[in-house]
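Dear colleague,

Please find below a structure that I am handing over to you for your further work. My notes on it follow directly after the entry.

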Amino acid sequence: MAKKKENEAPVRSIDPAACEMLEIADACGVSTVFSRVEEVRPCPIGLDGRCCKICAMGPCRITGKVTRGVCGATLGTIAARNFARQVAGGTSAHSDHGRDLAFTLIAIAEGEAQGYGVRDEAKLYEVAGHMGIPTADREINEIALDVGTKALEQFGQQRGEIIYVSRATEKRQQRWRELGITPRGVDREVVETLHRTHEGVDLEAEHILDHAMRTALADGWGGSMLATDLSDIIFGTPNPLQAAANLGVLKEDEVNILVHGHEPTLSDMIVAATLDPELIEYAGSKGAKGINLAGICCTSNEILMRHGIPPAGNFLHQELAVLTGAVEAMVVDVQCIMQALGELTEDFHTELISTSRKAKIPGAVHMEFEEHRALDAAKEIVRRAIDNYPNRGETHIPEHKSGVVAGFSHEYLNYMLGGLYRGSFRPLNDAIMAGRIRGAAGVVGCNNARVTQDEGIINTIRELIANDVLVVVTGCAAHASGKHGYLSPEMMANAGTGLREVCEAIGIPPVVHLGSCVDNTRILTVLTQVATEGGLGEDIDDLPAVGICPEYMCEKAIAIGTYCVASGAYVLFGVGSPVGASEEVNHIITEVWEEKVGGKLEFVEDWREIVRRSLEHIDKKRAALGLPEYDASKWGRSGDWRMPELLELPLEERIEAVYGAVGK
Ligand code: XCC
Ligand code: SF4
């Protein structure tokens with residue numbers, strides 16, 4: 001090959017570890033998502049919502065002179081239907097994950113889940129409170145059984161309102177009721193989306209998209225929020241802790257096991273199995289110095305948040321991890337697992353192990369995971385990985401990794417801000433009102449091989465914190481932040497002076513890791529509490545805040561974006577619009593939705609424009625609240641004193657100094 005790739009292909013990643021591995025992939029001619037994206041051009045018809053293939057009179061492509069499908073469906077109807085179906089797909093994925101956790105909690109309560117328990121009783125009581133389940137003089141398992149059962153009912157509920165709707169502000173609940181978009185039950189809304197978007201049913205774009213909001217709300221305030229709560233009950237509510245991120249966390253002389261996917265159920269048990277003295281000794285007998293567990297995608301976020309297990313990388317790192325030649329087993333469950341792993345692992349000693357009853361992958365060993373023997377199953381998997389260690393050939397582990405502080409939850413933030421006995425968001429609200437913090441942004445979501453890996457995410461975050469916007473991150477955007485050093489205490493130095501002052505005073509970093517993608521519901525909770533605290537309006541759409549998904553990839557991201565909008569947030573997506581072809585739909589998801597629910601959804605390719613619109617929106621909301629205009633030069637004298645001194649300390653001591661006795 002004489003062609004010079006670097007001059008032709010777009011930059012594939014800004015992550016040095018990824019670039020290093022891609023050079024190796026190119027040199028050995030190994031196919032990765034980064035090379036395939038150059039071979040598989042996106043279909044120009046499907047790209048922006050012009051294709052309908054829901055009946056056999058089509059597929060109909062609305063391009064050129066064609067303005068209607070065979071049945072007469074317009075571009076707006078077709079684009080809206082496609083969009084709604086994406087929301088239904090995403091809602092299903094998150095919610096099915098939540099449903100399984102409800103089953104797990106029930107199994108725990110009935111003594112049928114080996115190795116699990118209720119790790120956070122306080123959270124169980126809190127959730128029981130939300131659900132109206134009595135707790136006085138009752139055994140933990142009795143309460144857990146009721147909570148699990150009630151949670152499960154939320155999915156199949158046919159009438160009324162899902163319970164967590166009551167956690168939104170009164171005003172918001174009212175708005176949803178008036179619009180008729182309060183979700184009744186998770187499954188019901190998903191099924192109704194599929195029905196309405198079947199050939200010849202709901203043919204009015206706005207009406208279809210109303211129901212897309214209702215379905216998304218069943219995710220945000222239903223399936224996903226339950227997934228987060230039930231995970232906290234079973235695995236513990238996160239507290240700050242430290243770890244490292246990127247491929248450099250793999251170890252040359254230990255058995256490396258990667259967990260990849262989304263559910264904490266198995267991965268949490270694998271954490272336990274890797275600590276088993278017998279297995280550690282067994283690893284020694286095979287010549288390894290130990291067992292090293294790391295993660296990819298959201299399952300990684302789950303065990304990072306709760307156990308400090310290091311993330312090896314985000315979505316686009318999954319193949320690159322295998323390419324190191326140092327991974328004995330990649331254990332996967334559901335979602336975001338590329339089929340390419342099956343073929344790729346055939347060329348390496350890495351064993352791909354699928355574990356979910358729902359997901360089989362050609363080329364993977366299937367070791368179905370059953371809760372009643374969870375710990376045994378986890379140990380078998382770990383043993384298998386150890387057995388594979390002697391098969392390791394040549395390895396190449398990039399040295400890159402960054403220190404991270406993760407493990408924040410809304411409970412913890414509350415505590416951090418006000419202390420155990422008077423936890424509240426008051427100090428945060430005050431800081432925003434005074435203008436020390438200009439506003440807040442959630443930067444969340446995926447990687448997408450169609451755009452440069454991490455570029456949109458990292459640049460957006462860098463600009464926002466420099467402009468005194470407090471950033472919270474989840475999902476693969478959180479991984480990106482971690483890999484690039486944005487979750488390390490040093491990042492304080494890159495924050496604007498006002499933001500930095502507040503972060504130092506209350507001991508939070510300017511970029512706060514809130515967990516996996518289902519944990520975006522923690523953001524809903526924080527925003528609602530901030531709105532209820534007073535001084536910043538009455539509802540989420542009053543807040544100087546934005547949601548940004550710079551590198552979205554999957555249907556789940558579309559569902560999240562939609563429930564955030566329906567909850568009142570201004571949401572910006574990068575990459576490109578799946579409904580870009582339809583002016584009508586664009587008008588609905590921006591202006592019409594803003595009128596209806598106070599939030600709007602925009603797709604903007606350039607991150608600079610995303611940042612510009614975000615700051616503009618934040619300032620607009622500040623003005624509407626009558627807050628002082630943001631002034632970058634106003635703050636920063638009082639709070640900076642500790643920083644030079646802290647930065648002198650070694651990382652561990654610095655974290656100790658900043659986070660002190662908490663999180664222990
Ligand atoms: Fe998947 Fe959650 Fe997207 Fe990452 S961020 S690519 S969904 S792992 Ni959710
Ligand atoms: Fe074509 Fe209408 Fe059938 Fe869609 S539903 S494929 S637009 S005929």
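The notes below cover the confidence of the model, the ligand site, the cysteines and the backbone.

This is a predicted model, in which local features need pLDDT of at least 70 and side-chain atom pairs count only at pLDDT 80 or more, while totals for chains, interfaces and linings use all residues. Residues are numbered from 1 along each chain as its sequence is written, chains are lettered from A and ligands numbered from 1 in the order in which they are written, and side-chain values use heavy atoms, with hydrogens and water left out.

Confidence is expressed as pLDDT (the predictor's confidence in each residue, from 0 to 100). Its mean over the protein chain is 93, and 94% of the residues reach 70 or more. Residues 1-7 stay under 50, and the model has 3 contacts for them beyond four places in sequence (contact means heavy atoms within 4.5 Å). Where pLDDT is low, the predicted coordinates should not be read in detail.

Turning to the ligand, the nickel atom of ligand 1 has Cys517 (SG) as its only protein donor, at 1.8 Å. Donors are N, O and S atoms within 2.8 Å of the metal (3.2 Å for Na, K and Ca); water is not among the atoms, so sites may look incomplete. Cys517 is placed in the loop between strand 13 (511-515) and helix 22 (520-533); helices (H or I, at least four residues) and strands (E, at least two) are DSSP runs, numbered from the N terminus. Among the residues around ligand 1 are His262, Cys297, Cys476, Cys517 and Lys556, each with a heavy atom within 4 Å of the ligand. The shell comprises 9 nonpolar, 2 polar and 1 charged residues, where Ala, Val, Leu, Ile, Met, Phe, Trp, Tyr, Cys and Pro count as nonpolar, Asp, Glu, Lys and Arg as charged, and the others, Gly among them, as polar.

The model has 0 disulfides, a disulfide being a pair of cysteine sulfur atoms within 2.5 Å. Cys297 is in none, and its nearest cysteine sulfur, that of Cys476, is 4.1 Å away. Cys297 is buried, with a relative accessible area of 1% (buried means under 20%, exposed over 50%, partly exposed in between, with a 1.4 Å probe and protein chains only).

Finally, the backbone deserves a note. A cis peptide bond joins Gly58 and Pro59, with omega about -5°; Pro59 lies in the loop between strand 1 (51-52) and strand 2 (60-61). Asp468, not a glycine, has a positive phi of about 65°, and it is buried at 2% relative accessible area.

With kind regards
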